[in-house]
There are 2 protein chains.
Amino acid sequence: MTRVAVTGIGMTPFGKSNDSLKALLLKASRQALIDAGRPKIDAIIVGNFMGGPLEQQEILGSILVSELGFGNIPSMKTEGACASGGIAFRQAYQLLKAEEYKTVLVVGGEKMTHIHTNHVITAINYAMDNSTMESKTGLTFPGYFGVVANRYMYQYGATKAHLAMVARKNRHYALHNPLSQFNTKITLEEIMNARMITDPLGLFDCSPITDGAAAVVIEGNTKNGVEVIASGQASGTPIMQEVNDLTRIPATYEAATQAYEQASIEPKDVDVVELHDCFSMTEIIAIEELGFFEKGTGFEAIEKQLTEHGGNIPVNTSGGLLSKGHPIGATGIAQIVQIISQLRGEACNQVERARIGLAQNLGGTGAYSLVHLFKKEGA
Amino acid sequence: MTRVAVTGIGMTPFGKSNDSLKALLLKASRQALIDAGRPKIDAIIVGNFMGGPLEQQEILGSILVSELGFGNIPSMKTEGACASGGIAFRQAYQLLKAEEYKTVLVVGGEKMTHIHTNHVITAINYAMDNSTMESKTGLTFPGYFGVVANRYMYQYGATKAHLAMVARKNRHYALHNPLSQFNTKITLEEIMNARMITDPLGLFDCSPITDGAAAVVIEGNTKNGVEVIASGQASGTPIMQEVNDLTRIPATYEAATQAYEQASIEPKDVDVVELHDCFSMTEIIAIEELGFFEKGTGFEAIEKQLTEHGGNIPVNTSGGLLSKGHPIGATGIAQIVQIISQLRGEACNQVERARIGLAQNLGGTGAYSLVHLFKKEGA
């Protein structure tokens, strides 16, 4: 089997930027290309969700090929809501494994802060099935995960403080990430008392609106870089009424199961994780679905600090979506950038002796989930 | 090498529909699935361009997985403007060739007629590079190809009548296609005298605004179906000022060159073609770039009826984008549906003894081009 590895990474600062989406994508791309040693690129895959409605810009693949001076190589954009970046990465990985290409640039980005928040919220809701009455009658993503949090708290005995502990942990990690959107310390009390968004989720339980881009160069048949050892992907219902158990995200469980099987490893073999904490509640569910903790016990693991340095498995050492920021199409790639940095031993909040890393990217309320596994040489 | 073949096809009527984008995609998908004998599907890839801005609906892949009852299989949407469908097909083909999946459903669709034309035109312009002044100062797709037509006429001596002959041919073919948007006969005179859109392109020189969807089932490692023998894809500049020669679309030439090389055939081996006639002018350029006629002679081939039954190579026997209709994300798949029908021997405007077929799908003004080749058993 062809060895496929990430040989270059790049990422813009996350937050509010004056750059256009195109400029953000180019900045991250150029960083990744330089980091990889400027290899010949055979294809570009762009992860993006709302370039059309929010910035009147599609055909991002072709634009990047032109601007980067890559001649006439093939390119495309992939979309799967907040999983658009992870999906882009998976396509590149599969095509490199198949030796369709030798080297692919994968870049994800989103430009969100330049227009009124109402427009952003409207566009984010395109990630629901709008043929149902759910979103028409007012359901939003914070609304959905607020319901999930209430159900989880009712069913397992978690409290709002557990949610706040997730937000505190990720903010703490973000303080050491120079590219993160938020870099001020917050206390548990401040998180608990913050403006309510949808009960029980307060302001700090929700990922922010962010501009940013992230890129990786992936190569096949190479001895360099950090190896990609598995790619799992699954779909789930995008309709709330069809969810059997609100405290679960089955697509994440399934994607993780596929990935562990492909790599012949178990959750306990993973040393460092970036996962999709679009809300504090979502992180608790994810650490359960990924197999790190038993169903209904994730909140206790958070309380015991088992997902921090010194615990079982450090999670979202980048600051996560909650505090690093969540430029939607960039997120799946930015997670991978952090995992590669960890396995290279040069990350913010470096995890000592990290050898196997996992990145999990969610789209919609559970419509898509992707799990990628990475391995440091000699691991 | 794994044999990859199209084993099922489906297509809704093209035109004005009361169905939602989701409903259109489901109808075409179900037809293709039934036509293929209801195989187990391993992944769904959706080609779509404007589902977000025009119908507030993304995550189409996941929605189809759920609605079709396919459990948690992976899915995604691909975007490359009007080439979104062709790009979706290419991903499936590459992944099947690599044996990543055994059977993939590829479906493309667009819903365009339900809102004011101005909104549609605005969204179509997302397929230009809007960081330049070109579209901001009023350039549209009819505008671009109007300039191209003027340049081509000046350079090679073609006339407006040659453009009209393309429109007449495709309308003539559409009369026999029960799924086409237009089914009234028009004369050359009517085409020549129609309302001007952008000089020299009149109403009938421009593809219409259309609702519709088309789907195919593709299988790897199968003895059934019509074999996919090549996939070529290339990018080109999306910026008018960077085009070296306005009478050329280099991405189409490059994609065709790749495809012919992969299949070890020459243009003369092709028996039937569907190509991207978003404007009458574009068809003349395409038959040159695809190698059927020398540069600057395509208009003469049209006049001599060489692209019709009895000529060198029948082109757009479905009616083409001009008269079958152009629901953007569906187009690349609908072209393949017609080619498969031709190679099965059951098409409207059947070409006798057709054994090798070609489908060419364009995105933007030349930002993306894809060429796929298909072969009937025994060819």
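**Close-up views of a predicted model**

At 64% relative accessibility, Lys268(A) counts as exposed; this and every other value here comes from a predicted model.

**View 1. A salt bridge in chain A joins Asp269(A) to Lys268(A).** The closest N and O atoms of this pair are 3.5 Å apart, and Asp269(A), with a relative accessibility of 28%, counts as partly exposed.

**View 2. Lys111(B) and Asp211(B) form a salt bridge in chain B.** Their closest N and O atoms are 3.2 Å apart. Because Lys111(B) lies in the loop between strand S4 (103-110) and H5 of chain B, while Asp211(B) lies in the loop between strand S6 (201-202) and strand S7 (212-220), the pair ties together parts that are 100 residues apart in sequence. Lys111(B) is buried, with a relative accessible area of 6%, and Asp211(B), at 0% relative accessibility, is buried as well.

**View 3. Helix H8 (residues 160-174) and helix H11 (residues 280-289) of chain B cross at roughly 95°, with axes that come within 8 Å.** On the H8(B) side the contact involves His162(B), Leu163(B), Val166(B), Lys169(B) and Asn170(B), which meet Ser280(B), Met281(B), Glu283(B) and Ile284(B) of H11(B). Within this contact, Lys169(B) and Glu283(B) are both buried, and their side chains meet in a salt bridge with an N to O distance of 2.7 Å.

**View 4. Val120(B), Ala123(B) and Ile124(B) are buried residues of helix H5 (residues 117-124) in chain B.** They cover an arc of only 100° around the axis, and therefore lie on the same side of H5(B). Among the elements that cover these buried residues are helix H2 (51-55), helix H7 (141-156) and helix H14 (328-344) of chain B.

Technical notes: Residues numbered from 1 in each chain as written. Chains lettered and ligands numbered in written order. Predicted model: local features only at pLDDT ≥ 70, side-chain atom pairs only at ≥ 80, totals over all residues. Heavy atoms only, no water. Axes fitted to C-alpha atoms, helices over the stretch in contact; angles between N-to-C directions. Helix = DSSP H or I, 4+ residues; strand = E, 2+ residues; numbered from the N terminus. Contact = heavy atoms within 4.5 Å. Buried < 20%, exposed > 50% of the residue type's maximum accessible area, 1.4 Å probe, protein only. Arc of directions from axis to C-beta. Salt bridge = Lys/Arg side-chain N within 4 Å of Asp/Glu carboxyl O.
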